[in-house]
Amino acid sequence: DNLYAHINVVNTILDEIQTLPHESQKDLADWQRVHGEAHFLRAQFYFWLVNLYADEYEEATADKTLGVPLKLIPGIEFEFTRASVAEVYNLINEDLAKADTFLTRSPQAPDHLLHRASSEAVNLLWSRVLLHQQRWIEAADKAEKVITSENFYLAPISALAPNAAFLSDENPEVVFSQGCNNLSSS
């Protein structure tokens with residue numbers, strides 16, 4: 001229920017953002033950023049849903065295997081049919097492609113990288129989606145974009161205090177925290 005409620009919010013944002021003005025450079029940058037974040041979040045929510053409530057992705061049977069219902073319009077709907085696993089993964093990949101385009105055009109400010117979706121967060125999730133689809137080379141390409149980013153890096157073990165929380169502002173390995181409220185303080 002919660003994931004579909006979040007998806008409905010994202011669908012509403014994607015529907016309503018079309019009517020927002022974006023003539024100035026700042027408005028256009030904000031418009032693109034919100035677009036990118038919305039597509040990223042919807043892809044993430046559907047990735048969680050399809051992996052919780054459907055069989056794993058198998059290329060030979062993905063178009064016949066039942067996945068989860070796809071809700072792509074805002075508002076309340078009462079009848080859903082399950083999409084195939086292939087259809088769900090196609091939507092996830094389409095949303096991630098759009099998210100990457102928008103977030104590359106309007107990157108996050110450095111002080112927002114941890115708490116808001118970024119191009120690196122998109123490519124990290126996308127690499128995982130592609131791994132589930134057994135698309136190894138594409139997954140490696142997406143992961144490489146994250147690894148070579150100047151915004152995040154693998155921290156040496158000595159850089160983190162022994163009892164420090166892993167999910168923290170100080171850990172350079174955290175690419176996306178799902179918002180500041182999800183960072184641990186213990």
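**Group meeting: helices, core and salt bridges**

A word on the source. This is a predicted model, where local features need pLDDT of at least 70 and side-chain atom pairs count only at pLDDT 80 or more, while totals for chains, interfaces and linings use all residues. Residues are numbered from 1 along each chain as its sequence is written, and side-chain values use heavy atoms, with hydrogens and water left out.

Totals next. The chain has 186 residues, and 42% of them are buried. Buried means under 20% relative accessible area, exposed means over 50%, and partly exposed lies in between (1.4 Å probe, protein chains only). The accessible surface comes to about 11,100 Å², with 55% of that belonging to carbon and sulfur atoms. Areas are from the Shrake-Rupley method with a 1.4 Å probe; for residues, only the protein chains shown count as cover. Of the contacts with a separation of 6 or more, 60% join residues 24 or more positions apart. Contact means heavy atoms within 4.5 Å.

Now the core. The largest nonpolar core has 34 residues, and F40, Y46, I92 and L96 have the most contacts inside it. Two or more residues each come from α1 (2-16), α2, α3 (85-105) and α4 (119-132). The largest share, 9 residues, is from α3. The definition: buried Ala, Val, Leu, Ile, Met, Phe, Trp, Tyr and Cys residues joined through side-chain atoms within 4.5 Å.

Take Y46. Leaving out residues up to four places away in sequence, Y46 touches Y4, I7, V68, P69, L70, K71, V88, L91 and I92.

On to α4. Is this helix largely enclosed or open? Of its 14 residues, 10 are buried, so α4 is largely enclosed by the rest of the structure. Among the buried ones are V122, L125, W126, V129 and L130. The cover includes α2, α3 and α5 (136-147). After α4 comes Q134, with a positive phi near 60°.

Charges next. The structure holds 6 salt bridges. The criterion is a side-chain nitrogen of Lys or Arg within 4 Å of a carboxyl oxygen of Asp or Glu.

One network links K26, D30, R33 and E37. D30 pairs with R33 at 3.9 Å, N to O. R33 also pairs with E37, at 3.3 Å. Why does the spacing work out as about one helical turn? D30 and R33 are 3 residues apart in helix α2, so about one helical turn separates them. R33 and E37 are 4 residues apart in that helix, again about one turn. In general, an α-helix has 3.6 residues a turn, so residues three or four places apart point the same way.

D30 is partly exposed at 26%. R33 is buried at 15%, and E37 is buried as well. D63 and K64 form another salt bridge, at 3.4 Å. Both of those residues are exposed.

Last, the surface. W48, L52 and Y53 make a nonpolar patch of about 370 Å². Patch residues have over 30% relative accessible area and no salt bridge; like charges are joined within 9 Å, nonpolar side chains (Val, Leu, Ile, Met, Phe, Trp, Tyr) within 5 Å. W48 sits in helix α2 (residues 25-53). At 36% relative accessible area, W48 is partly exposed.
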